[in-house]
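Hi everyone, and thanks for coming. Please have a look at the structure on the screen, and I'll walk you through it.

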Amino acid sequence: MFPSNIRFSTSCARKHYLQGSFKFSQRIVAKGDRQPWDIGRFLRTLYFFNGPPSPAKLFESLIAQLSGSATQQSQTENKEMDLVLVAGATGGVGKRAVDVLRRKGIPVRILVRNAEKARSMFGLDVDLVVGDITQKDCLLPEYFQGVKKVINAISVIVGPKEGDTPDRAKYKQGIKFFEPEIKGDSPEMVEYVGMKNLINAVRDNVGLRDGKVLFGFQDNAPIGPAWGSLDDVVMGGVSESSIQISTVGGEDGRPTGFFKGYVSTANNGGFASIRTKNFSPQLDLSAYDGLELQLKGDGRRYKLIIRTSTDWDAVGFTASFDTVKEQWQTVCLPFSSFRPVFRARTVTDAAPFDTSKVASLQLMYSKFEYDGNLNPSFEPGSFELPFSSIRAYLKEPITPRFVHVGSAGVTRPERPDLDLSKQPPAVRLNKELGYILTFKLKGEDLLRESGIPYAIVRPCALTEEPAGAELIFDQGDNITGKISREEVARICVAALESPDACDTTFEVKSVVPFSEPFTIDANNPPPEKDYKIHFQSLKKGITGKEALDRSPVAA
């Protein structure tokens with residue numbers, strides 16, 4: 001049953017959502033005078049956020065309220081930054097990508113199936129986790145803690161039917177020089193099921209293009225944790241607030257929440273707020289850059305408070321924001337703008353803001369700003385702030401968070417009017433090789449539809465030649481040729497930092513024909529390329545599937 005100050009404009013709202021606000025006992029008219037303290041509302045507030053209090057904890061809370069003192073809680077350690085996961089790190093492209101990242105000083109973790117092989121390649125101090133993407137139960141959440149970006153170089157294994165040398169010498173010559181067969185797991189398990197498992201494993205760590213919704217609506221019902229009132233009654237005041245839901249009161253008649261109430265400065269009070277119950281588990285928002293609120297302003301200044309401690313009374317990372325009266329607006333609050341605050345005082349020795357362990361959110365309207373300063377737009381009395389969503393966001397320009405090494409030719413086996421005799425062996429032998437390209441394309445589609453900012457690199461035939469040849473980037477899945485594995489690894493690492501590469505699919509090859517080997521002077525190697533000009537030429541929405549639909553290529 002809803003508390004009496006939780007009101008709904010329709011019956012669509014869910015009854016479990018809002019249960020922490022309490023009926024107004026009175027309206028305070030006088031300012032600055034002493035008013036009776038509602039100890040019952042104080043106890044109900046404690047109960048909502050903390051459950052039934054033990055006598056000892058209740059005594060501590062009462063003493064803290066009366067004395068104004070409390071213990072400041074230490075915060076968690078600073079988050080790990082820019083950690084890149086390389087999946088398939090012992091393969092031809094993967095191991096080179098690890099080397100490129102290390103040379104650039106970028107932290108790297110590798111996902112492999114054979115730890116001994118990996119340590120023999122990269123040393124005993126390599127940060128590695130052992131797992132098989134075809135088995136989702138092997139991809140433990142702790143494997144991906146701190147990971148912000150991914151390079152996926154895992155591919156189904158193709159080898160000569162007659163066998164190969166321990167260092168796969170025949171394979172490295174290229175599929176056109178031997179009769180191929182699938183070794184190990186099928187293309188469906190590796191390229192499709194494996195891709196699905198890997199995407200699901202890293203999704204919460206690397207971030208989504210459209211952000212992560214912390215409060216919003218689905219089918220007119222609110223989503224997110226329960227909210228409750230947390231007013232100055234906890235310090236002897238008499239202000240009261242609530243959160244209310246309307247399915248038609250938002251912008252353009254859409255659903256919205258209302259943070260509303262009455263603020264009094266009696267009893268040295270002066271704030272009202274609503275706070276979520278603790279997230280369980282705590283939210284990892286470290287992939288994101290801040291929080292965005294959609295709200296209708298009233299010309300006042302409010303605060304958004306984020307806690308990283310599940311304790312009742314702890315440091316809150318706080319940002320103030322101004323609103324425009326009678327106007328729906330988007331308020332973006334970068335995490336870098338939040339300051340550590342305890343009871344309106346900046347905590348100068350607080351640990352860094354750990355956005356990987358967000359415990360709760362709080363919206364506040366307060367007389368007090370920080371460190372003795374007052375809110376310049378504060379007025380006692382009634383207030384109302386409609387807010388329709390709170391979400392974590394990625395700042396623009398967005399760069400790829402997941403770079404996938406695919407293959408040129410994935411759309412060609414089913415392409416109408418294509419002369420297969422002029423196509424590479426993998427295209428001609430797609431069916432015989434377990435529909436290898438078909439499932440590679442299905443895996444790409446999973447990534448494109450995942451919401452993760454991505455780049456899909458489709459190399460032509462891979463070689464062991466050095467990097468340095470001039471390159472051709474193309475889209476639409478039409479080109480054939482060869483390219484160095486080293487070059488592909490460098491392209492993958494560069495794509496992680498390129499906004500122009502984000503959400504694109506492209507093929508790449510060198511200008512050197514198959515019939516000509518490419519060599520370099522080891523004593524005078526060519527400089528590493530700046531791929532920026534190539535990335536700038538790329539367009540979103542072009543995959544080569546346009547030809548399957550007989551539809552024009554996207555402009």
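One definition before we start: buried means under 20% relative accessible area, exposed means over 50%, and partly exposed is in between, using a 1.4 Å probe and protein chains only. This is a predicted model, where local features need pLDDT of at least 70, side-chain atom pairs count only at pLDDT 80 or more, and totals for chains, interfaces and linings use all residues. Residues are numbered from 1 along each chain as its sequence is written, and side-chain values use heavy atoms, with hydrogens and water left out.

Let's begin with the overall picture. The protein chain has eleven helices and 27 strands; these are DSSP runs numbered from the N terminus, with helices being H or I of at least four residues and strands being E of at least two. Of the 555 residues in the chain, 52% are buried. The accessible surface comes to about 25300 Å², and 50% of that belongs to carbon and sulfur atoms; areas come from the Shrake-Rupley method with a 1.4 Å probe, and for residues, only the protein chains shown count as cover. A contact here means heavy atoms within 4.5 Å. Among contacts between residues at least 6 apart in sequence, 75% join residues at least 24 apart.

Now, the inside. A nonpolar core is a set of buried Ala, Val, Leu, Ile, Met, Phe, Trp, Tyr and Cys residues joined through side-chain atoms within 4.5 Å. Which residues have the most contacts inside the largest one? They are L291 and F387, in a core of 44 residues. Strand β21, residues 381-393, gives this core its largest share, five residues. Leaving aside residues up to four places away in sequence, F387 touches a list of residues including F215, W227, F258, F259 and L363. There is also a second, separate core of 38 residues, with I483, A489, V508 and L538 among them.

Next, please find Q362, in strand β20, residues 360-366. Is Q362 buried or exposed? Q362 has a relative accessible area of 2%, so it counts as buried. Its side chain makes a polar contact with the side chain of S273, at 2.8 Å. By polar contact I mean a pair of N or O atoms within 3.5 Å; within protein, one must be able to donate a hydrogen and the other to accept it, and residues adjacent in sequence count only if both atoms are side-chain atoms.

Finally, the charged pairs. A salt bridge is a side-chain nitrogen of Lys or Arg within 4 Å of a carboxyl oxygen of Asp or Glu, and a search of the whole structure finds 30 of them. Take D252 and R254, whose closest N and O atoms are 3.6 Å apart. D252 is exposed at 70% relative accessible area, while R254 is partly exposed at 46%.

D445 and R448 also form a salt bridge, at 2.8 Å from N to O. These two lie about one helical turn from each other because they are three residues apart in helix α8, residues 436-448. D445 is buried at 15%, and R448 counts as buried at 16%.

My last pair is E465 and K482, with closest N and O atoms 2.9 Å apart. E465 sits in the loop between β24 and β25, K482 in strand β26, and they are 17 residues apart. K482 is buried, at 2% relative accessibility. Elsewhere, salt bridges that share partners join R96, R103, E464, R485, E486, R490 and E528 into one network.
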